[in-house]
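Work through the exercises below with the structure open. Try each task before reading its solution.

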Amino acid sequence: MKTLTSSHPATGPRKLRLLPLLAATYFMVSGGPYGLEDIIGFAGYGRALILLFLLPFVWSLPTALMIGELAASVPEEGGFYAWVRRAMGPFWGFQEAWLSLSASIFDMAIYPTIFVSYLSRVAPSLTSGHRGLLLEITVVILSALWNLRGAVAVGVGSVWLWLIALSPFLALVGFAVWTGAHGPHAAMGAPSRVDLPAAILVAMWNYMGWDNATTIASEVEDPQRSYPRVMLYAAGMVMATYLIPVAAVAWAGIPPERFSTGAWADAAHLLGGSALAVCVVLAGSLDSMGTFNALTLSYTRLPYAMACDGLLPRVLSKRNAANVPWVALVACATCWALALKLSFERLITVDVLLWGLSLILEFAALIILRRREPDLPRPFRVPGPTWVAVALGCGPVGLMLFALWAARDEHVGPVPASLFALAIAACGLPLYWLVRRFVPATEFNGHSDR
């Protein structure tokens, strides 16, 4: 079987080290507490804290362990696409990439929108009318230019954005603890309007995306050691940065009914005044920028890897002097810019379902490679025999079935959201045969162009 390592060389002199990779992974998954507000509003503090504490053990941790083993044993450009292709062949590898790229159209549309939404709280004149759309397009362009400098530039930038985005929450937590020590605490029971399935879906969305960092494996220093460590470190960090602020505002006595999208700014104003609120708003804008920037790094490696394997036109495999697949980057950025009006705020279910389907293929790849290639070097291995790996996948698969059930009353236009997501996933089948028919086999020569 052809391995992909020689097909996707990393010729750049510098590679992504542990801390920048950790920061980029953190943004690809989370970016901070932004996005948790609806969980509190839908479920109340008590249920939100239980949900945010328990969900990682059946959703995030099994995924992180699976990714740790596969990324360490198959550290190739394209990440999860390369694993599925190696384990199950090019057809299923194509489906894996299609699920992720189609989900990105909905996912990436929201971060520039959030950037403008937060900025409008302090500078509404800059974001009104067509100015808002121009700012959203600017976020896409800036991220593309930043990514053209290479993975190291994105990773180092993620470290600084990480510190800036989280710093206002350190102050918010401090004010909340002081306020709670001198006043009444919020009720930990249910709010007046409870929607637990919606809260679970939002929590699943906030805890997903762990595999995104693996698409740049050939651009990472010592990926066999780095990825398992990053997966476990990031899982703990994300969990902590979710639980601590939610517990703090509950302690401070802010009613859960006041929480909806963007409510962290209101909480900051109540606890620390207008200065802290402005800091939270500006940090929220930078957080959205950091997430979009890090995900641009991840998603653009998929069409590049597929082009190297002859599943997309070879022009997408061209790299610049910074080792960046610039044609794939321009193509992806153009698609995301055209999709900016497809606000993802009402389509969380679609993104969760598409990503969840790709996750099932990744767990299948783990089990198949365990059986088919037992002697494959595995610097990190999920403890126990193969049945343990099977058991790990049961939690994410079960949550996927729950997401399908929870989406029964949600619609994208006249179409049920679950049916809409499944229809998008099914489009990958005819697309594969079209690609194999119209992309000449001579497009693939086993090497990328510079």
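**Exercise 1: A loop residue and its partners**

Glu221 sits in the loop between helix 8 (196-206) and helix 9 (223-252). Helices here are DSSP runs (H or I, at least four residues), numbered from the N terminus. The model is predicted: local features need pLDDT of at least 70, side-chain atom pairs count only at pLDDT 80 or more, and totals for chains, interfaces and linings use all residues. Residues are numbered from 1 along each chain as its sequence is written, and side-chain values use heavy atoms, with hydrogens and water left out.

Task: State how exposed Glu221 is and find what it touches.

Solution.
- Step 1. The relative accessibility of Glu221 is 39%, so it counts as partly exposed. The classes are buried (under 20% relative accessible area), exposed (over 50%) and partly exposed in between, with a 1.4 Å probe and protein chains only.
- Step 2. Contact means heavy atoms within 4.5 Å. Leaving aside neighbours within four places in sequence, Glu221 is in contact with Lys15, Leu16, Arg17 and Ser226.
- Step 3. Glu221 and Leu16 are 205 residues apart along the chain, yet their C-alpha atoms are separated by 5.6 Å.

**Exercise 2: Positive phi**

Task: Describe the phi angle and the setting of Asp222, then those of Asn323.

Solution.
- Step 1. Asp222 is not a glycine, but its phi is positive, about 50°. Asp222 lies in the loop between helix 8 and helix 9. With a relative accessible area of 34%, Asp222 is partly exposed.
- Step 2. Asn323 is not a glycine either, and its phi is positive at about 70°. Its place is the loop between helix 12 (301-308) and helix 13. Asn323 is buried, with a relative accessible area of 5%.

**Exercise 3: Helix 4**

Task: Check the length of helix 4, then look for a kink.

Solution.
- Step 1. Helix 4 covers residues 90-120, which is 31 residues. The expected span is 1.5 Å times one less than the number of residues.
- Step 2. That gives 45 Å, and the end C-alpha atoms are 45 Å apart, so the two agree.
- Step 3. A kink of about 35° is centred on Ser104. The bend at a residue is the angle between axes fitted to the seven residues ending there and the seven starting there.
- Step 4. Helix 4 is mostly covered, with 24 of its 31 residues buried.
- Step 5. Take Tyr111, which is in helix 4. Its relative accessibility is 10%, so Tyr111 counts as buried. Not counting residues up to four places away in sequence, Tyr111 touches Trp205, Ser288, Thr291, Phe292 and Leu295.

**Exercise 4: Aromatic pairs**

Task: Which geometry does the pair Tyr34 and Tyr118 have, and which parts of the chain does it link?

Solution.
- Step 1. The whole structure holds 19 aromatic pairs. Rings of Phe, Tyr and Trp (its six-membered ring) pair if their centres lie within 6.5 Å; planes under 30 degrees apart count as stacked, over 60 as edge-to-face and the rest as tilted.
- Step 2. Tyr34 and Tyr118 are 5.5 Å apart centre to centre, with 85° between the planes, an edge-to-face pair.
- Step 3. Tyr34 is in the loop between helix 1 and helix 2, Tyr118 is in helix 4, and 84 residues separate them, so the pair links distant parts of the chain. Tyr34 is buried at 8% relative accessible area, and Tyr118 is buried at 5%.
- Step 4. Now compare Phe292 and Trp336: edge-to-face, 5.8 Å centre to centre, 80° between the planes. Phe292 lies in helix 11 (residues 274-299) and Trp336 in helix 13 (residues 326-338), so this pair ties together parts 44 residues apart in sequence. Phe292 counts as buried at 1% relative accessibility, as does Trp336 at 2%.
- Step 5. Ring pairs also join Tyr34, Tyr45, Tyr118, Phe169, Phe259 and Trp264 into a cluster.

**Exercise 5: Ser30**

Task: Is Ser30 buried or exposed, and which side chain does its own side chain meet in a polar contact?

Solution.
- Step 1. Ser30 is in the loop between helix 1 (18-29) and helix 2 (37-73). Its relative accessibility is 10%, so Ser30 counts as buried.
- Step 2. The side chain of Ser30 makes a polar contact with that of Tyr242, at 3.1 Å. A polar contact is a pair of N or O atoms within 3.5 Å; within protein, one must be able to donate a hydrogen and the other to accept it, and residues adjacent in sequence count only if both atoms are side-chain atoms.

Terms used: Helices (H or I, at least four residues) and strands (E, at least two) are DSSP runs, numbered from the N terminus.
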